Amino acid sequence: MEDQKATGYSWLSKNLLYCRKFIGRTLRRRRNAAREIDMTSANEATFLSQAQALFESSLSLRIIFLLKFLESVAYFSTSQILTLYLSDEFGFSDVDAGLMYGVYGAIISFYGIVFSKQVDRLGVKRSLMMGFWLSALGRGILAAFQNVYLIYISLFIFLPLSASLGIPVLLIGVKRHTTNENKTFAFGMFYTIMNVGALCCGPIIDSFTWYTPVYANRYVFALCSYISFLGCWIASSFLSENGEKKKKNDESTKEVDEKATLSQGENESSFKQLLTDPSFIRFMAISLLLTNVRSIFRHLDATLPKYLIRKHGPKVAKGFIYSINPLVIILGVPIVTSLTSQMDAYNIIVFGSYISSLSPLIVAFSDTIAGASLFVFVLSVGETLWSPRFLDYQVSASPDGREAVFMAFASAPLFLSKLPVGWFSGYLLEAYCPFQSQLCHECTEWIEENGCTNNSLIPCQNSCHFCDSGDQSCADSLCQFCDSYRLWLMIALATVTSPILMHLLRYQLREPQAR
């Protein structure tokens, strides 16, 4: 009897223990779920409150964001059709058009460094007025004239000068009209607004291509010229030159006067100090290592449009495929920036770089419209991680009063990458996806020597899968040859070196306080 009671008590105690554990696990899960809901609600509230406070903080900041939108529409529309314009309107080969695109980007870096001190003296307002005016003039020449020498003047003088007075100066304006508390969020919004402008250029280009295919590129340049004139008028009429930046913290509050200038001797001394500063050297090393992964975006301009046209026909929606990138950035950057603002910046940059640099492999293994679209999507997901954090790091590291010099050096690798990428893009296109007329002569000779018979059916099908029967279909097949695998594999191998090197050198490149 006592043994039965002991057995009963043991069974009851075990079941009570199991019930207690089950109830404890259930309560913990509910508490964790409630905590996650509270954190999500808090993040949403924080995001909305940050956005509202940012846009209510300064009229000049809102004007800068508007000018950034206009500058982005003009810049990205020009970049996306420039190599097509040079080949279609003036007969430049892929390599020559790519080299001109690359030289244009390299000259932007050169002008940015040469005139950086003048930008510091001119101030944000006058620099932006001059930049937008030169942009309107340069794009107007591209729209209205067919003289190749005027095109050289526009591409190598007016447009590079306008670009060197655009992106760096707008960044300086954002820095001087934000505080330490909203700085990170402000640069995330700045990056998002830039991509809103990039999103608009895709439908603009495709609309002109569909309705006026012969003069589509010139109409795009004319619209960009008008947008630049509008930006010049807004900058001259509404932008304040007397804006100031306030830094707030728990211990002190200080004001930095935008008009503060240094003597010539102090300028030279501070310039030398900047070049020898360890933080500046580390930053330039990171910027140089990121050049390869950032070059993918140059391939979106110089390689992807021609590839899509030659692979899928002249009416392919190249603009809408390109617009996937800014759309993902617009939707993703504010959220990702808010969620990762407390995470280690260097790790985020490296991880996002891996995603972006490996994305061309998608087109290498799937040469369809869906594959091209997925490539741009995955590339953009990686960009939402690394690019805003790098932009924040870039501006935060710049010393007060020397922002223009710092921005010029910081932007140099991005634009200098256009030179090798322009040549590399032209080489890859001519080698693996040549223009139809360049290959048709060889195609005709091949058919005359071999004929398009059953013996040649396999090589015809291997070219582009268009050969059905008869000489003409085989000729069309060979003339449309495009080796997507080799083209995009080469791009992926070139770009993945950036995150690999950044990972291997992480201990040398991190800031000391972040190690």
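Modeller: Let me begin with a term: a salt bridge is a side-chain nitrogen of Lys or Arg within 4 Å of a carboxyl oxygen of Asp or Glu. By that rule, the side chains of aspartate 483 and arginine 486 meet in a salt bridge, at 3.5 Å from N to O. Please keep in mind that this is a predicted model, in which local features need pLDDT of at least 70 and side-chain atom pairs count only at pLDDT 80 or more, while totals for chains, interfaces and linings use all residues. Residues are numbered from 1 along each chain as its sequence is written, and side-chain values use heavy atoms, with hydrogens and water left out.

Colleague: Is aspartate 483 buried or exposed?

Modeller: Aspartate 483 is buried, with a relative accessible area of 18%, where buried means under 20% relative accessible area, exposed over 50%, and partly exposed in between (1.4 Å probe, protein chains only).

Colleague: And what is the overall make-up, in helices and strands?

Modeller: The protein has 25 helices and 2 strands; helices (H or I, at least four residues) and strands (E, at least two) are DSSP runs, numbered from the N terminus. Of its 515 residues, 52% count as buried. If contact is taken as heavy atoms within 4.5 Å, then among contacts between residues at least 6 apart in sequence, 81% join residues at least 24 apart.

Colleague: Back to salt bridges, how many does the structure hold?

Modeller: It holds 7 salt bridges. In one of them, lysine 68 and glutamate 71 meet at 3.1 Å, N to O, and these two residues, being 3 apart in helix α2, are separated by about one helical turn. Lysine 68 counts as buried at 1% relative accessibility, and glutamate 71 counts as buried at 11%.

Colleague: Why does the spacing in a helix matter there?

Modeller: An α-helix has 3.6 residues a turn, so residues three or four places apart point the same way.

Colleague: Which parts does the salt bridge of lysine 306 and aspartate 94 tie together?

Modeller: Their side chains meet at 2.9 Å, N to O, and because lysine 306 lies in helix α13 and aspartate 94 in helix α3, the pair ties together parts that are 212 residues apart in sequence. Both lysine 306 and aspartate 94 are buried. Salt bridges that share partners join Asp94, Lys306 and Arg310 into one network.

Colleague: What about helix α13 itself, how many of its residues are buried?

Modeller: In α13 (residues 304–312), 7 of the 9 residues are buried, so the helix is largely enclosed by the rest of the structure. The buried ones include Tyr307, Arg310 and Lys311. After the helix comes glycine 313, whose phi is positive, near 105°.

Colleague: Changing topic, how many disulfides does the search find?

Modeller: A search of the whole structure finds 1 disulfide, meaning a pair of cysteine sulfur atoms within 2.5 Å. Cysteine 433 and cysteine 482 form it, with their sulfur atoms 2.0 Å apart. Cysteine 433 lies in the loop between α19 (418–432) and α20 (436–450), and cysteine 482 in the loop between α22 (471–479) and α23 (484–495), so the pair ties together parts that are 49 residues apart in sequence. Both of these cysteines are buried, and with -105° about the S-S bond, their link is left-handed.
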